[in-house]
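Student: I am new to this structure. Please show me how to read its features.
Tutor: Here it is.

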Amino acid sequence: MSTITTRCPHCQGLNRLPVERIHDKATCGACKESLLDGKPVDATSENFQALLQSEQPVVVDFWAPWCHPCVGFTPIFEDVAADRKDQVRFVRIDTESQQELAVQYRIRSIPTIMVFRQGQLIDTLNGALPKSRFDQWLDQVLTK
(Lines give C-alpha, C1' and ligand atoms only; values in the text may rest on other atoms or scores of the structure.)
Protein backbone atom coordinates (compact mmCIF):
# COMPACT_ATOMS: atom_id res chain seq x y z
CA MET A 1 0.00 0.00 0.00
CA SER A 2 1.53 3.32 -1.05
CA THR A 3 1.10 6.46 1.02
CA ILE A 4 1.52 10.19 0.73
CA THR A 5 2.52 12.54 3.50
CA THR A 6 0.44 15.67 3.86
CA ARG A 7 0.62 18.55 6.30
CA CYS A 8 -2.48 19.25 8.40
CA PRO A 9 -3.84 22.70 7.47
CA HIS A 10 -4.86 23.22 11.13
CA CYS A 11 -1.94 22.11 13.34
CA GLN A 12 0.73 21.74 10.59
CA GLY A 13 1.41 18.16 11.74
CA LEU A 14 2.56 15.62 9.17
CA ASN A 15 0.16 12.77 8.38
CA ARG A 16 0.66 9.66 6.30
CA LEU A 17 -2.37 8.95 4.14
CA PRO A 18 -2.85 5.80 2.05
CA VAL A 19 -3.24 6.78 -1.62
CA GLU A 20 -6.36 4.58 -1.80
CA ARG A 21 -8.00 6.77 0.86
CA ILE A 22 -7.11 10.18 -0.55
CA HIS A 23 -10.77 10.74 -1.50
CA ASP A 24 -12.06 9.79 1.97
CA LYS A 25 -12.73 12.26 4.77
CA ALA A 26 -9.27 11.83 6.31
CA THR A 27 -8.55 13.39 9.70
CA CYS A 28 -5.30 14.48 11.31
CA GLY A 29 -3.82 11.99 13.73
CA ALA A 30 -2.84 14.78 16.15
CA CYS A 31 -5.65 17.36 16.19
CA LYS A 32 -8.43 15.21 14.63
CA GLU A 33 -9.38 18.02 12.18
CA SER A 34 -10.11 17.27 8.53
CA LEU A 35 -7.00 17.03 6.35
CA LEU A 36 -8.72 17.82 3.06
CA ASP A 37 -11.43 20.29 4.06
CA GLY A 38 -11.19 23.06 1.51
CA LYS A 39 -7.93 24.50 2.76
CA PRO A 40 -5.07 24.32 0.29
CA VAL A 41 -2.80 21.32 0.73
CA ASP A 42 0.96 21.93 0.76
CA ALA A 43 2.42 19.73 -1.96
CA THR A 44 5.89 18.23 -2.09
CA SER A 45 7.68 16.09 -4.62
CA GLU A 46 6.60 13.10 -2.51
CA ASN A 47 2.84 13.76 -2.56
CA PHE A 48 2.18 15.91 -5.63
CA GLN A 49 1.57 13.16 -8.18
CA ALA A 50 -0.91 11.43 -5.86
CA LEU A 51 -2.74 14.73 -5.30
CA LEU A 52 -2.99 15.29 -9.06
CA GLN A 53 -4.75 11.97 -9.54
CA SER A 54 -7.88 13.33 -7.87
CA GLU A 55 -11.32 12.79 -9.37
CA GLN A 56 -11.82 16.49 -8.71
CA PRO A 57 -9.97 19.11 -10.73
CA VAL A 58 -6.81 20.30 -8.96
CA VAL A 59 -5.80 23.98 -8.84
CA VAL A 60 -2.11 24.46 -8.05
CA ASP A 61 -0.53 27.72 -6.85
CA PHE A 62 3.23 27.86 -7.43
CA TRP A 63 4.47 30.57 -5.05
CA ALA A 64 7.36 31.68 -2.81
CA PRO A 65 7.33 33.32 0.63
CA TRP A 66 9.50 36.25 -0.55
CA CYS A 67 7.16 37.09 -3.48
CA HIS A 68 4.89 40.01 -2.56
CA PRO A 69 2.25 39.27 -5.25
CA CYS A 70 2.23 35.62 -4.09
CA VAL A 71 1.73 36.60 -0.45
CA GLY A 72 -1.02 39.03 -1.46
CA PHE A 73 -2.74 36.33 -3.54
CA THR A 74 -2.69 33.76 -0.70
CA PRO A 75 -5.91 34.95 1.03
CA ILE A 76 -7.72 35.02 -2.33
CA PHE A 77 -6.55 31.48 -3.14
CA GLU A 78 -7.65 30.31 0.32
CA ASP A 79 -11.07 32.01 0.04
CA VAL A 80 -11.77 30.45 -3.35
CA ALA A 81 -10.57 27.07 -2.01
CA ALA A 82 -13.09 27.33 0.85
CA ASP A 83 -15.87 28.40 -1.54
CA ARG A 84 -15.23 25.46 -3.89
CA LYS A 85 -14.18 22.79 -1.40
CA ASP A 86 -16.66 20.20 -2.70
CA GLN A 87 -15.85 20.78 -6.38
CA VAL A 88 -12.09 21.38 -6.66
CA ARG A 89 -8.94 20.48 -4.70
CA PHE A 90 -6.49 23.34 -4.07
CA VAL A 91 -2.77 22.75 -3.70
CA ARG A 92 0.14 25.10 -2.98
CA ILE A 93 3.76 24.51 -3.94
CA ASP A 94 6.51 26.61 -2.38
CA THR A 95 8.99 26.94 -5.24
CA GLU A 96 11.82 27.68 -2.80
CA SER A 97 11.53 24.40 -0.91
CA GLN A 98 10.25 22.36 -3.89
CA GLN A 99 12.65 23.52 -6.59
CA GLU A 100 12.49 20.21 -8.46
CA LEU A 101 8.73 20.67 -9.01
CA ALA A 102 9.27 24.27 -10.16
CA VAL A 103 11.80 23.02 -12.71
CA GLN A 104 9.63 20.08 -13.78
CA TYR A 105 6.64 22.36 -14.46
CA ARG A 106 8.81 25.09 -16.04
CA ILE A 107 7.82 27.81 -13.61
CA ARG A 108 9.37 31.04 -14.89
CA SER A 109 7.34 33.58 -12.90
CA ILE A 110 5.30 33.43 -9.74
CA PRO A 111 2.59 33.21 -8.82
CA THR A 112 1.71 30.68 -11.50
CA ILE A 113 -1.63 28.89 -11.24
CA MET A 114 -2.16 25.59 -13.04
CA VAL A 115 -5.35 23.56 -13.30
CA PHE A 116 -5.23 19.78 -13.76
CA ARG A 117 -7.95 17.25 -14.45
CA GLN A 118 -7.09 13.59 -13.79
CA GLY A 119 -3.40 14.44 -13.85
CA GLN A 120 -3.50 16.36 -17.15
CA LEU A 121 -2.76 20.08 -17.34
CA ILE A 122 -5.75 21.96 -18.77
CA ASP A 123 -4.76 25.62 -18.26
CA THR A 124 -2.20 28.00 -16.76
CA LEU A 125 -2.41 31.54 -15.38
CA ASN A 126 0.63 33.71 -14.65
CA GLY A 127 0.21 36.43 -12.05
CA ALA A 128 -2.19 37.26 -9.25
CA LEU A 129 -5.80 38.29 -9.81
CA PRO A 130 -8.51 39.83 -7.64
CA LYS A 131 -10.97 37.26 -6.27
CA SER A 132 -13.76 38.02 -8.75
CA ARG A 133 -11.46 37.69 -11.78
CA PHE A 134 -9.85 34.53 -10.37
CA ASP A 135 -13.34 33.03 -9.88
CA GLN A 136 -14.29 33.96 -13.45
CA TRP A 137 -11.10 32.44 -14.84
CA LEU A 138 -11.70 29.22 -12.88
CA ASP A 139 -15.30 29.02 -14.12
CA GLN A 140 -14.04 29.22 -17.70
CA VAL A 141 -11.25 26.69 -17.17
CA LEU A 142 -13.43 24.16 -15.37
CA THR A 143 -15.90 24.03 -18.28
CA LYS A 144 -13.14 22.93 -20.71
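Student: In which strand does D61 lie?
Tutor: Helices (H or I, at least four residues) and strands (E, at least two) are DSSP runs, numbered from the N terminus. D61 lies in strand 4, residues 58-63. This is a predicted model, where local features need pLDDT of at least 70 and side-chain atom pairs pLDDT 80 or more, while totals for chains, interfaces and linings use all residues. Residues are numbered from 1 along each chain as its sequence is written, and side-chain values use heavy atoms, with hydrogens and water left out.

Student: Is D61 buried or exposed?
Tutor: Buried means under 20% relative accessible area, exposed over 50%, and partly exposed in between, with a 1.4 Å probe and protein chains only. D61 has a relative accessible area of 1%, so D61 is buried.

Student: Which residues does D61 touch?
Tutor: Contact means heavy atoms within 4.5 Å. Not counting residues up to four places away in sequence, D61 touches F73, F77, V91, R92, I93, P111, T112 and I113.

Student: Where is T112, and which polar contact joins its side chain to that of N126?
Tutor: T112 is in strand 6, residues 112-117. A polar contact is a pair of N or O atoms within 3.5 Å; within protein, one must be able to donate a hydrogen and the other to accept it, and residues adjacent in sequence count only if both atoms are side-chain atoms. The side chains of T112 and N126 are joined by one of 2.9 Å. The T112 side chain also reaches the backbone oxygen of S109, at 2.4 Å. T112 is buried, its relative accessible area being 2%.

Student: How do the axes of helix 2 and helix 4 cross?
Tutor: Two packed helices are described by the angle and the distance between their axes. Axes are lines fitted to C-alpha atoms, for helices over the stretch in contact, and angles run from 0 to 180 degrees between N-to-C directions. The axes of helix 2 (residues 68-83) and helix 4 (residues 131-142) come within 10 Å and cross at roughly 50°. That makes helix 2 oblique to helix 4; angles under 35 degrees count as roughly parallel, over 145 as roughly antiparallel, 65 to 115 as roughly perpendicular and the rest as oblique.

Student: Which residues of helix 2 and helix 4 meet?
Tutor: From helix 2, F73, I76, F77, D79, V80 and D83 meet K131, F134, D135 and L138 of helix 4.
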